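Let's walk through this structure together, one step at a time. Keep the picture in view as you read.

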Amino acid sequence: SKREAENPLPIALLPVCVRLELCEHLDALDVWKQLATFVKLYPQDVNYIQKQLQRGQSPANEFLNIWGGQYNQNMHSLFALFHNNKLRSAMLIIKDYVDVKLHKYIAKTVD
Amino acid sequence: NINNHSKYTRYTELRRVEDNDIYKLATILDRHDCWRKLMSKIPKQLDATECSAPGVLNFKEIATRVGYKYNEHQINLIASEHVDRGQSISQIMIDEWKTSGKQWERPTVGVLLQLLIHAEIYSAADYVANNFLSELNPERPADGPAAFVQFNTELSEEM
């Protein structure tokens, strides 16, 4: 819808079930460090995620907590992040939470 | 003027902000120790009225000449405060800050917002801009973790 295009959903408001599916997928691919590097997360934040990983927490979920939390990033940004890192399946998982106009980028992404 | 209906202005002192609004801000700052990031950026001296307008705080001067109000020891003291369930560590930090210093140093909403942007705590900065000031979200930097990601179209054209 038009409203969504102008005002994308914050990552923090993504429904929990979708978020769980997404994190399971990203953790299986072990791409959290690649994503953290791409968005230029600061070393202290990267270390924090590393520590949570050692405690058995999902690193992808911690990444979303920080990048979506403190930085208040939205689903549009996350969709672009997946596109730029060629994470096509991750884009498919969240496609219903971004503007339909952005779906063309899925077809143009190869995993 | 879009600020006509805002609840506070940039010159409103934090101690005049309603408890419930501070509480909501505090819950945002509690996540990932964001309060610690904010507290470490608070400048030593501050003419609060003069520093409340947008973009007035000179962070280069603060870093090189003015210095910071709280050192690591004082921040750790707050961190070690015993908080009961449902209590917020950020609330304790804000309570300390908002009543500290001389009358003219009392922090304002405008000072808070500039510090939040400088510390890149956009969750809280967006909240203060929208809910305290009825302003749009503050502008994002072009680079770094707070920047919005743009689609790399070269990647698409490879197809």
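Predicted model: local features only at pLDDT ≥ 70, side-chain atom pairs only at ≥ 80, totals over all residues.

Helices here are DSSP runs of H or I with at least four residues, strands are runs of E with at least two, and both are numbered from the N terminus. Two packed helices are described by the angle between their axes and the distance between the axes.

Now look at chain B. Its secondary structure comes to eight helices and zero strands. Its C-alpha atoms fill a box of roughly 60 × 40 × 35 Å, taken along the principal axes.

**Where the chains touch**

How many residues of chain B are in contact with chain A? There are 25 of them, and they touch 30 residues of chain A, where contact means heavy atoms within 4.5 Å. Between them the two chains bury about 2,200 Å², 56% of it on carbon and sulfur atoms. Buried area is the accessible area (1.4 Å probe) that two parts lose on being put together, summed over both. In chain B, P145(B), V149(B) and F151(B) lose the most area to chain A, together 34% of what that side buries.

The structure holds eleven salt bridges over all chains, and two are counted between chain B and chain A. A salt bridge is a side-chain nitrogen of Lys or Arg within 4 Å of a carboxyl oxygen of Asp or Glu. K40(A) forms one with D143(B), with the closest N and O atoms 2.7 Å apart. K40(A) lies in the loop between α3 (32-38) and α4 (43-54) of chain A, and D143(B) in the loop between α7 and α8 of chain B, so the pair joins two chains.

**How to read the numbers**

Residues are numbered from 1 along each chain as its sequence is written, while chains are lettered from A and ligands numbered from 1 in the order in which they are written. Local features need pLDDT of at least 70, side-chain atom pairs count only at pLDDT 80 or more, and totals for chains, interfaces and linings use all residues; side-chain values use heavy atoms, with hydrogens and water left out.
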